[in-house]
Amino acid sequence: MMATKTPIVKDVVLLGGGHSHIEVLRSFGMKPMPGVRVTLVTRDVHTPYSGMLPGYVSGFYTYDDVHVDLVRLAAFAKARVVHAEASGLDIKARRVLFPP
């Protein structure tokens, strides 16, 4: 029996891979919401966890220890990734703008 595909009724676009958006992606990975499509727009595919930066500077942690792999996290959340820097928003058209 084939699974039925739920239609997309809501798009959630996350601009940047900061702490809040990391939590949103983690939450969607653990408990997906049918009909909601998540897209992460980020210029960086690895983002540092600021709480661990002092340990990194002192040599206690490695780069991989203190950085979150946003592509991997987005895959866990079944989210799309746009590896680019947004330059603005067109509110009327409901679009993210990118530099030429």
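**Notebook: sheet, strand 2 and side-chain pairs**

I began with strand 1 (residues 10–15) and strand 2 (residues 36–42), which run parallel and are joined by six bridges. I took strands and helices as DSSP runs numbered from the N terminus (strands E, at least two residues; helices H or I, at least four). Two strands count as paired if DSSP finds at least two bridges between them. Between strand 1 and strand 2 the chain passes through helix 1 (residues 19–30), and this β-α-β crossover is right-handed. Right-handed here means that, with the strands pointing away from the viewer, the path from the first strand over the helix to the second runs clockwise.

Notes on the model itself. This is a predicted model, with residues numbered from 1 along each chain as its sequence is written. Local features need pLDDT of at least 70 and side-chain atom pairs pLDDT 80 or more, while totals for chains, interfaces and linings use all residues, and side-chain values use heavy atoms, with hydrogens and water left out.

Three strands form an open sheet, ordered 1-2-5, with parallel pairing. Which strands stand at the edges? They are strand 1 and strand 5 (80–83); each has a single partner strand, so one side of each is left without a neighbour in the sheet. On average, neighbouring strands of this sheet are turned by 20° against each other, direction ignored. For that angle, axes are lines fitted to C-alpha atoms (for helices over the stretch in contact), and angles run from 0 to 180 degrees between N-to-C directions.

Leu 14 has Leu 40 in strand 2 as its bridge partner. Leu 15 stands opposite Val 41 in strand 2. Leu 40 stands opposite Val 81 in strand 5. Thr 42 has His 83 of strand 5 as its bridge partner.

**Entry: cover of strand 2**

I asked how many residues of strand 2 are buried. Five of its seven residues are, so I noted strand 2 as mostly covered. The cut-offs are under 20% relative accessible area for buried, over 50% for exposed, and partly exposed in between (1.4 Å probe, protein chains only).

I picked Thr 42, found in strand 2. Thr 42 has a relative accessible area of 4% and is therefore buried. I listed its contacts (heavy atoms within 4.5 Å). Leaving out residues up to four places away in sequence, Thr 42 touches Gly 16, Gly 17, Leu 70, Val 81, Val 82, His 83 and Ala 84.

**Entry: salt bridges**

I counted four salt bridges in the structure. The criterion is a side-chain nitrogen of Lys or Arg within 4 Å of a carboxyl oxygen of Asp or Glu.

Arg 37 and Asp 11 meet at 2.6 Å, N to O. Arg 37 lies in strand 2 and Asp 11 in strand 1, so this pair ties together parts that are 26 residues apart in sequence. Arg 37 is partly exposed at 29% relative accessibility. Asp 11 is partly exposed at 41%.

I moved on to Arg 43. Its side chain meets that of Asp 44 in a salt bridge (3.2 Å, N to O). Arg 43 counts as exposed at 53% relative accessibility, and Asp 44 as partly exposed at 37%. Arg 43 also forms a salt bridge with Glu 85, with the closest N and O atoms 3.8 Å apart. Arg 43 lies in the loop between strand 2 and strand 3 (46–48), and Glu 85 in the loop between strand 5 and strand 6 (88–90), so the pair ties together parts that are 42 residues apart in sequence. Glu 85 is partly exposed at 46%. Salt bridges with shared partners join Arg 43, Asp 44 and Glu 85 into one network.

**Entry: aromatic pair**

I searched the whole structure and found one aromatic pair. Ring centres of Phe 60 and Tyr 61 are 4.8 Å apart and the planes stand at 80°, so the pair is edge-to-face. Rings of Phe, Tyr and Trp (its six-membered ring) pair if their centres lie within 6.5 Å; planes under 30 degrees apart are stacked, over 60 edge-to-face, the rest tilted. Phe 60 is exposed at 63% relative accessibility. Tyr 61 is partly exposed at 29%.
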